[in-house]
Amino acid sequence: MMEDDAVWASLPVPALLLDEDDNIVAINPAAEGFLNTSSKSINGQKVWEKVMIDSPLEDAFERARKTSSPLFVNDVDVGTGERAPLHCNLQIAPMAGQPGHMMFLISPRELAGRLTQDHTVKSAAKSAIGMAEMLAHEIKNPLAGITGAAQLLSMNLSAQDQELTDLIVAESRRIVKLLEQVEQFGNLTLPDMRPVNIHDVLDRARRSALLGFGAQMKIIEDYDPSLPMALGDPDQLLQVVLNLLKNASEAAGSAGGTIRLHTFFEHSFRLRRSDGEGRALPLQIEIIDDGPGLPPDIAGDIFDPFVSGRENGTGLGLALVSKIMSDHDGWISVTSVPGKTVFRLSLPMVKPKKAKSATAKSAKAKSSKES
């Protein structure tokens, strides 16, 4: 029995055990993290009230129970009612030796599906960086000369002709601003990783947004005050949050809207890198807005360079956000429907320092005394 308990606790994916009436009998630690609840508090509750799936499964689930056969469901969105759904595969099978009982496994696909995309974004970022250097060198300097020449010409022109030179100056400055954004994307500075209070970062971003581009927005704080320190670069993380707040504010337009900043801890969230090494990313930040949502035709490519949902957008803002999160060994994801868009940032936390053992302290004291 102890071996069975060890296997159950060691399963790397959320697992639920259901009785013949679809009541939850037990969940493993991974499921506790996924559902953000404890096994004790969820036992006896109906599974369909706690696990929300965007596909009708009850009939197929009951057939699998009656025929004692497994059921596999791919590519469905699974949520809990408290956070944005994740793209998952489901594996359902009868429990041997317990008639009517079913094992319910949830395998999130979002991470696995975007690992390849993460490498693609990095490759695209390198190409964009090279282009940024070329553009900055070849275009910015001539533009400065064009702007200066147009300003000199305007001194001896009529008011009607000055409109043309003013247009030249304005458009030249707009191009320079675009190039500066491209240069920013091409910045190869690595993050200065140190302990960061993510709530301090969020507060700085919130205040800055309300005083500027987000003045028409209502920003709600929904923080978990018990969160430990994150490991990251506070200035770069501030840039990430500001970019996401700005996108949400611009999507809302002059009518305004509501943005909710939500933080929570999810101990089961891990990212397995291409070298096979796992990385725990338990600190979660969600930027949730009630705007129109992402255009469906670009939703899957929104983190790629030069993909933008705005008419005059450069398509570099979210690519820069993705690059910064990648440099932090973190993760960014998005789910979007009209009326609710959720950008989720997942970050590592600072590892607690191990306390020195009494033996080590005693040995050190003895060494100091002898010397």
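Helices (H or I, at least four residues) and strands (E, at least two) are DSSP runs, numbered from the N terminus. The model is predicted: local features need pLDDT of at least 70 and side-chain atom pairs count only at pLDDT 80 or more, whereas totals for chains, interfaces and linings use all residues. Residues are numbered from 1 along each chain as its sequence is written, and side-chain values use heavy atoms, with hydrogens and water left out.

The protein averages a pLDDT (the predictor's confidence in each residue, from 0 to 100) of 80, and 78% of the residues score at least 70.

At the start of α8, a side-chain oxygen of Asn197 comes to within 2.9 Å of the backbone nitrogen of His199. Axes are lines fitted to C-alpha atoms, for helices over the stretch in contact, and angles run from 0 to 180 degrees between N-to-C directions.

An open sheet is formed by five strands in the order β8-β10-β13-β15-β14, with mixed pairing. Because β8 (217–222) and β14 (331–337) stand at the edges with a single partner strand each, one side of each is left without a neighbour in the sheet. Direction ignored, neighbouring strands of this sheet are turned by 15° against each other on average.

Two strands are taken to pair if DSSP finds at least two bridges between them. Strand β15 (residues 340–347) is joined to the antiparallel strand β13 (residues 283–289) by seven bridges; Gln284 stands opposite Ser346, and Asp289 has Thr341 as its bridge partner. Strands β14 and β15 also pair in the antiparallel sense, over seven bridges, with Val342 as the partner of Thr335. Two residues lie between the strands of this hairpin, in which Gly339 takes a positive phi near 95°. Seven of the eight residues of β15 are buried.

Elsewhere, Thr147 is placed in helix α6 (residues 110–154). Thr147 counts as buried because its relative accessibility is 11%. Residues touched by Thr147, not counting those up to four places away in sequence, are Val169, Ser172 and Arg173.

Notes. Buried < 20%, exposed > 50% of the residue type's maximum accessible area, 1.4 Å probe, protein only. Contact = heavy atoms within 4.5 Å. Polar contact = N/O pair within 3.5 Å; in protein donor to acceptor, adjacent residues only side chain to side chain.
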